[in-house]
Amino acid sequence: MSASEIIANAQERMKKAIAATQNELATLRSGRANPSLLDRVMVDYYGTPTPVRQTANVSVTDGVTIVIQPYDKSILAEIEKAIAKSDLGLTPNNDGAVIRISTPPMSMERRKETCKTVGKVGEDGKVAIRNVRRDAMDELKKLEKADGISEDEIRGHQDSIQKKTDSFIKEIDQIVAAKEAEIMEI
């Protein structure tokens with residue numbers, strides 16, 4: 001593998017770490033109704049844990065109400081049970097045809113707790129990016145020994161990887177700050 005391939009691979013893996021961080025943050029409650037809140041809720045669908053969004057149509061009606069319309073009405077009770085057991089703090093209302101979830105305003109204490117979780121998710125994303133940087137640096141050192149590339153060239157490639165790392169970490173900081181602002185917005 002050449003140095004440019006190592007750098008391109010590292011950049012691609014860093015982009016995936018950012019996407020994973022964004023997906024994780026999307027599942028955190030921010031005070032507004034959002035169908036992605038239910039992404040981590042698993043329903044026992046004929047003995048198989050299945051995400052709610054694969055078993056039902058999930059939509060937001062008025063900004064604060066999530067409506068879940070199952071494709072198979074027989075799993076309505078299972079969906080209701082899964083949502084009640086989740087750590088989202090939401091109370092599902094089953095009317096026999098659909099489940100409605102009214103998202104109450106978050107207390108300031110709950111907002112602060114959620115912000116801590118956002119910070120932790122952001123830190124996990126940064127760790128993932130730093131791990132990619134470490135792997136790329138190790139590959140470059142192996143390349144230096146194996147192919148006899150000069151130290152100056154390797155150092156230039158390492159600087160390039162460090163700049164990309166700094167850029168992606170800054171992007172995660174911006175994503176985390178935006179999510180925290182959204183959560184603290186009253």
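**Charged pairs and cores**

Modeller: Let's start with Glu-123, which is partly exposed, with a relative accessible area of 37%. Here buried means under 20% relative accessible area, exposed over 50%, and partly exposed in between (1.4 Å probe, protein chains only). This is a predicted model, so local features need pLDDT of at least 70 and side-chain atom pairs count only at pLDDT 80 or more, while totals for chains, interfaces and linings use all residues. Residues are numbered from 1 along each chain as its sequence is written, and side-chain values use heavy atoms, with hydrogens and water left out.

Biologist: Okay, which residue forms a salt bridge with Glu-123?

Modeller: Arg-130 does, with the closest N and O atoms 3.4 Å apart. A salt bridge here is a side-chain nitrogen of Lys or Arg within 4 Å of a carboxyl oxygen of Asp or Glu. Arg-130 is partly exposed, at 30% relative accessibility.

Biologist: And what does Asp-135 pair with in a salt bridge?

Modeller: Arg-134, at 3.4 Å from N to O. Asp-135 has a relative accessible area of 24%, and Arg-134 comes in at 45%. There's also a network: salt bridges with shared partners join Glu-123, Lys-126, Arg-130 and Asp-173.

Biologist: How many salt bridges does the count come to?

Modeller: The count is 14. Another of them links Glu-113 with Arg-110, at 3.7 Å between the closest N and O atoms.

Biologist: How far apart are Glu-113 and Arg-110 along helix 4?

Modeller: About one helical turn, because they are three residues apart in helix 4. Helices are DSSP runs (H or I, at least four residues), numbered from the N terminus, and strands are runs of E with at least two.

Biologist: Changing topic: how many residues are in the largest nonpolar core?

Modeller: It has 26, and Ile-18, Leu-25, Val-118, Ile-129, Leu-140 and Ile-161 have the most contacts inside it. A nonpolar core is a set of buried Ala, Val, Leu, Ile, Met, Phe, Trp, Tyr and Cys residues joined through side-chain atoms within 4.5 Å.

Biologist: Which helix gives the most to this core?

Modeller: Helix 4, with nine residues. Helix 1 (3–26), helix 4 (108–147) and helix 5 (151–184) each supply at least two.

Biologist: What is Leu-25 in contact with?

Modeller: Leaving aside neighbours within four places in sequence, Leu-25 touches Val-118, Val-121, Ile-175, Val-176 and Lys-179. Contact means heavy atoms within 4.5 Å. Apart from that core lies another, of 19 residues, among them Ala-33, Ile-75, Leu-76 and Ile-83.
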